[in-house]
Amino acid sequence: MPGPDLLDAAIRRIPDFPRPGILFYDITGVLADPAAFSYCIDRMLEQYKGMALDGVAVIESRGFVFGAPFARERRLPLILLRKKGKLPGETWRRSFALEYGEDTLEVHKSDVRPGMRVLLVDDLIATGGTLAASVGLLADGGAKVVGVFGVIGLPFLHYEEKLAGLPVTTLIQFHGECA
Ligand code: AMP
């Protein structure tokens, strides 16, 4: 099966999870399929080949699994963006609105250097709110996001508006909340 079809087949669609009306795109099937997972990491390496990067920032928790192999392959520092209260050191912190309620992300101040060129990685880009907050968080430490990567993109939720001016790459796009 060609790579894009392999990826499509490995992503499970779960209607009404975690709430009624949400179609959840589950990437655990991608991780359980070595060919599909390798396809994702190989495509990332290809996409950013030759791009000068100083670090890879990954969003808890599914961003970790895609960003870590890429960072290791490129021999780049891996920067964890974590939910509130998980990081023991001094942190930069940003809160942002979710569809219902609010969330907070933190990063260790010691992991972010002024002028650093960072690739930001998550598994799925929906409204782009999580990534936009992450861009701000890294900017607090003086770092510049030079690329945003998500395995899955949901462009019908208009993430481009929140990520205006940033080069966004997704490997597969879905165009609705239908299974
Ligand atoms: P957003 O901030 O709206 O772009 O939401 C992105 C974050 O929420 C990512 O970390 C995703 O893992 C998760 N997410 C949002 N919508 C979905 C969905 N339909 N299926 C799976 N994960 C989702």
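Predicted model: local features only at pLDDT ≥ 70, side-chain atom pairs only at ≥ 80, totals over all residues.
Residues are numbered from 1 along each chain as its sequence is written, and side-chain values use heavy atoms, with hydrogens and water left out.

**The sheet**
- Seven strands form an open sheet with mixed pairing, in the order S5-S6-S4-S3-S7-S8-S9; strands are DSSP runs (E, at least two residues), numbered from the N terminus, and two of them pair if DSSP finds at least two bridges between them.
- The edges are strand S5 (91-97) and strand S9 (168-173), each pairing on one side only.
- Strand S3 (residues 55-59) and strand S7 (residues 117-125) run parallel, paired over four bridges.
- Within that pair, Ala-57 sits opposite Leu-120 in S7.

**A loop residue**
- Arg-19 is found in the loop between strand S1 (12-15) and strand S2 (23-26).
- With 31% relative accessibility, Arg-19 counts as partly exposed (between 20% and 50%, using a 1.4 Å probe and protein chains only; under 20% is buried, over 50% exposed).
- Setting aside neighbours within four places in sequence, Arg-19 is in contact with Glu-99 and Tyr-100 (heavy atoms within 4.5 Å).

**The ligand**
- Residues around the ligand (a heavy atom within 4 Å) include Tyr-25, Arg-62, Asp-122, Ala-126 and Thr-130.
- An N or O atom in the side chain of Asp-122 is 2.8 Å from a ligand oxygen atom.
- A polar side-chain atom of Thr-130 lies 2.5 Å from an oxygen atom of the ligand.

How values were computed
Polar contact = N/O pair within 3.5 Å; in protein donor to acceptor, adjacent residues only side chain to side chain.
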